[in-house]
Amino acid sequence: RQSSNVSESHVARDPDNRLVSRHRIRRLGAEEVRDSILFVSGSLSEQRFGKPDPVEVRKDGLVTSKAVHGGWRRSIYVRHRRKEMPSILETFDLPQMNPNCTERIDSTVVSQPLYLLNNKMIYELSRSFADRVEREAGTSLEARVASAYLLAIGRAATDDQLDAGQTAVLRLTEQWREHGIDDDEAQHRALADFCHVLLNAASFLYVD
């Protein structure tokens with residue numbers, strides 16, 4: 001239950017946290033990243049047991065799992081083969097199946113944010129995330145931003161975050177209108193863009 005905030009005292013007396021004076025921030029594991037994205041987007045199937053879910057090797061080389069049982073199941077139920085490992089799990093350091101792995105290694109590399117930013121499936125899940133927010137929060141922009149923060153980050157947004165989020169969605173809505181998109185669709189796409197940003201946020205990817 002320690003805080004991860006770093007004070008001047010921490011910097012002076014325990015800069016490397018060798019004395020465990022504060023919580024060490026931890027990035028979500030590969031399965032946790034994938035499952036969390038599916039959960040907040042409302043696309044996670046809770047179907048358990050049975051045969052592993054199949055994967056698809058796309059023409060661009062990416063490997064994605066197929067939706068079954070009305071959604072995507074948790075990563076533990078996805079088929080794992082050495083030459084057909086789901087790309088999102090490999091990107092976020094899922095241990096290789098050969099040779100045996102005795103300890104996971106976490107990396108922070110450019111392929112991780114690029115995957116979350118550019119992958120088409122992640123963007124589609126962002127739109128599903130926006131659909132969920134619209135269903136649960138109603139038409140109020142403030143309520144939508146607050147709901148998106150709570151779902152993605154697991155805590156209530158601060159006043160500054162609410163203000164910044166609403167401003168961002170309004171500006172994005174106007175940009176979509178400038179591209180000839182009708183008002184309702186422009187609002188939805190803007191909210192989806194905002195949800196996409198939250199899925200790329202450090203607060204979503206790290207246990208703080």
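**Helix α5**

I checked the length of helix α5 (residues 120–137) first: at 1.5 Å a residue its 18 residues should span 26 Å, and its end C-alpha atoms are 25 Å apart, which agrees. The expected span is 1.5 Å times one less than the number of residues. Helices (H or I, at least four residues) and strands (E, at least two) are DSSP runs, numbered from the N terminus.

This is a predicted model: local features need pLDDT of at least 70, side-chain atom pairs pLDDT 80 or more, while totals for chains, interfaces and linings use all residues. Residues are numbered from 1 along each chain as its sequence is written, and side-chain values use heavy atoms, without hydrogens and water.

I then listed the buried residues of α5: I122, L125, S126, F129, A130, R132, V133 and A137. Seen down the axis, they fall within an arc of 160°, so they line one face of the helix. The arc is taken from the directions from the helix axis to the C-beta atoms. Buried means under 20% relative accessible area, exposed over 50%, partly exposed in between (1.4 Å probe, protein chains only). K120 and R135 are exposed on the face turned away.

**Helix α7**

Helix α7 (residues 159–178) has 20 residues, which at 1.5 Å each should span 28 Å; its end C-alpha atoms are 29 Å apart, which agrees. I found L162, G165, Q166, V169 and T173 buried. They cover an arc of only 95° around the axis, which puts them on the same side of α7. The face turned away carries exposed D160, R171 and E178. After α7 comes G180, with a positive phi near 85°.
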